[in-house]
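User: I want to check the labels used on this model one by one. For each, give me the value, the cut-off and the conclusion.

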Amino acid sequence: VQLQAFGGGLVQAGGSLRLSCAASRSTRSFSAVGWYRQAPGKQRELVAGLSSGGRANYADSVKGRFAISGDNAKNTVYLQMNSLKPEDTAVYYCNAQGQLCVECPRYDSWGQGTQVTVSS
């Protein structure tokens, strides 16, 4: 499964962006999907995750500001980011894990990353 992340850009502090992660195959095959970010000199961290059962989890630093959601009809997962802060500046990646069929091998796919820059 190939993932393509887009929607990043430059925004002022307090602004909003919506990232999209488009999948080449049905998102119904996802057992879990997540948005990660990596700032310069820092390790990649999980920002938001969504299980196939619809349970979402968030890093403490983004709770109440970010929301992850999915649209199976469009095979796309979103990350709505509100009240952005300069410390949210990073490259954002989407990741999906799943299985296309019962007998198929499990996949663990990453999108190419999209840059989010928040100016103060």
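User: What makes S5 and strand S6 (residues 56–58) a pair?

Analyst: Two strands pair if DSSP finds at least two bridges between them. S5 and S6 have three, in the antiparallel sense. Three meets the cut-off, so they count as a pair. In the hairpin of S5 and S6, four residues lie between the strands, and Gly54 takes a positive phi near 90 degrees.

User: Before we go on, what kind of model is this, and which residues count?

Analyst: It is a predicted model: local features need pLDDT of at least 70, side-chain atom pairs count only at pLDDT 80 or more, and totals for chains, interfaces and linings use all residues. Residues are numbered from 1 along each chain as its sequence is written, and side-chain values use heavy atoms, with hydrogens and water left out.

User: How do you know that strand S4 (residues 30–38) pairs with strand S5 (residues 45–51)?

Analyst: By the bridge count again. Six bridges join S4 and S5, antiparallel, and Gly34 stands opposite Gly49 in S5. The S4–S5 hairpin has six residues between its strands. There, Gly41 has a positive phi near 80 degrees.

User: What makes a stretch a strand here, and how many does the chain have?

Analyst: Strands are DSSP runs of E, at least two residues long; helices are runs of H or I, at least four; both are numbered from the N terminus. The chain has eleven strands and zero helices.

User: Why are S1 and S7 called edge strands?

Analyst: Take the open sheet with the order S1-S3-S8-S7 and antiparallel pairing. Strand S1 (3–6) and strand S7 (66–71) each have a single partner strand, so one side of each is left without a neighbour in the sheet. S1 meets strand S3 (residues 17–23) over four antiparallel bridges. Gln4 has Ala22 as its bridge partner in S3.

User: What angle lies between neighbouring strands of that sheet?

Analyst: They are turned by 15 degrees on average, direction ignored. Axes are lines fitted to C-alpha atoms, for helices over the stretch in contact, and angles run from 0 to 180 degrees between N-to-C directions.

User: Why do Cys21 and Cys94 count as a disulfide?

Analyst: The cut-off is a pair of cysteine sulfur atoms within 2.5 Å. The sulfurs of Cys21 and Cys94 are 2.2 Å apart, so the pair qualifies. Cys21 lies in strand S3 and Cys94 in strand S9 (residues 90–99), so the link ties together parts that are 73 residues apart in sequence. The link is right-handed, with 70 degrees about the S-S bond.

User: How many disulfides are there, and what is their pattern?

Analyst: There are two. Cys101 and Cys104 form a disulfide as well, with sulfurs 1.8 Å apart. Its S-S torsion is about 95 degrees, so this disulfide is right-handed. Counting bonded cysteines along the chain, the pattern is 1-2, 3-4.

User: Are these cysteines buried or exposed, and what decides?

Analyst: Buried means under 20% relative accessible area, exposed means over 50%, and partly exposed lies in between (1.4 Å probe, protein chains only). Cys21 and Cys94 are buried. Cys101 has 32%, so it is partly exposed. Cys104 has 24%, so it is partly exposed too.
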